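User: I have a model open and would like to talk through a few side chains with you. Can we start once it is on screen?

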Amino acid sequence: YARIGITYSPVSGKQVKRHQIGDVVDFILKKKNIEEVLLLTEIEKDRNFDYLNTLLQQGYSRVLVNQKVNKINDLVEYKSNLTQKSIYLIIDRIIIYKEDEDLKSRITDSVQTAFFEGKGECIVQINNNKTKFSNKFEMDGITFEKNSIHLFAFNNPYGACSKCEGFGTIIGLDSEKIIQ
């Protein structure tokens with residue numbers, strides 16, 4: 001079961017899958033009639049202008065705010081109100097003319113950087129359509145355990161129920177039966 005098992009989300013019924021860098025690269029290269037591809041990561045709303053300065057020092061120069069590309073310098077200089085807006089860091093802007101090995105390695109490097117900066121999440125925007133990828137084993141707000149041999153062993157604590165710890169009964173006090 002550990003090798004052939006497939007995890008499904010109990011909320012949506014969809015298969016839970018960790019996206020790999022190759023999945024994102026294949027998704028981009030299989031698209032036809034692409035003018036430009038933006039590789040993005042979402043910046044948390046509680047980040048301030050010091051964080052934008054840090055991104056600027058790391059070599060990033062542009063962000064996407066309300067579907068408009070802005071320079072980080074301009075946002076920091078004018079101290080725009082960004083608290084209510086969703087901000088995306090632009091990792092790379094790729095224009096695909098023809099598929100070659102250099103393009104594939106560039107996309108691979110950019111996707112790897114996007115997963116790192118996005119803490120496991122990467123967003124691909126093609127023609128104003130965003131597709132989200134995640135290399136975390138989660139879906140619908142639930143983090144799942146990866147299938148392993150120990151998960152299916154009855155005498156292994158890793159596979160035991162977290163409430164009863166594998167004993168089948170929960171030891172505790174019933175407040176209804178306590179005499180005060």
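User: What does E117 touch, leaving out residues up to four places away in sequence?

Analyst: E117 touches T41, L55, Q58, Y60 and I91 on that count, where a contact means heavy atoms within 4.5 Å. With Y60 there is also a polar contact between the two side chains, at 3.4 Å; that term stands for a pair of N or O atoms within 3.5 Å, where within protein one must be able to donate a hydrogen and the other to accept it, and residues adjacent in sequence count only if both atoms are side-chain atoms.

User: Before I go on, what sort of model is this?

Analyst: It is a predicted model, in which local features need pLDDT of at least 70 and side-chain atom pairs count only at pLDDT 80 or more, while totals for chains, interfaces and linings use all residues. Residues are numbered from 1 along each chain as its sequence is written, and side-chain values use heavy atoms, with hydrogens and water left out.

User: How many salt bridges does the structure hold?

Analyst: There are four salt bridges, and one of them joins the side chains of R93 and E36 at 2.6 Å, N to O. Because R93 is in strand 4 (87-94) and E36 is in the loop between helix 1 (21-30) and strand 1, this pair ties together parts that are 57 residues apart in sequence.

User: Are those two buried or partly exposed?

Analyst: Both count as partly exposed, R93 with a relative accessible area of 47% and E36 at 29%.

User: And what about R106, what is its partner?

Analyst: R106 forms a salt bridge with D92, with the closest N and O atoms 2.8 Å apart. Since R106 belongs to helix 4 and D92 to strand 4, the pair ties together parts that are 14 residues apart in sequence. R106 is partly exposed at 38% relative accessibility, whereas D92 is buried, with a relative accessible area of 12%.

User: Switching topic, how much space lies in the largest pocket?

Analyst: About 220 Å³ lies in the largest pocket. A pocket here is an open set of points on a 1 Å grid over the protein atoms alone, where a 1.4 Å probe fits, with protein on both sides within 12 Å along at least five of seven lines, and lining residues have an atom within 4 Å of a point.

User: Which strand gives the most to that lining?

Analyst: Strand 1 does, with three residues; strand 1 (37-43) and strand 5 (121-126) each supply at least two.

User: Last one, how many helices and strands are in the chain?

Analyst: The chain has four helices and eight strands, and 31% of its 180 residues count as buried.

Technical notes: Points joined across faces, edges and corners; volume = space filled by probe spheres on them. Buried < 20%, exposed > 50% of the residue type's maximum accessible area, 1.4 Å probe, protein only.
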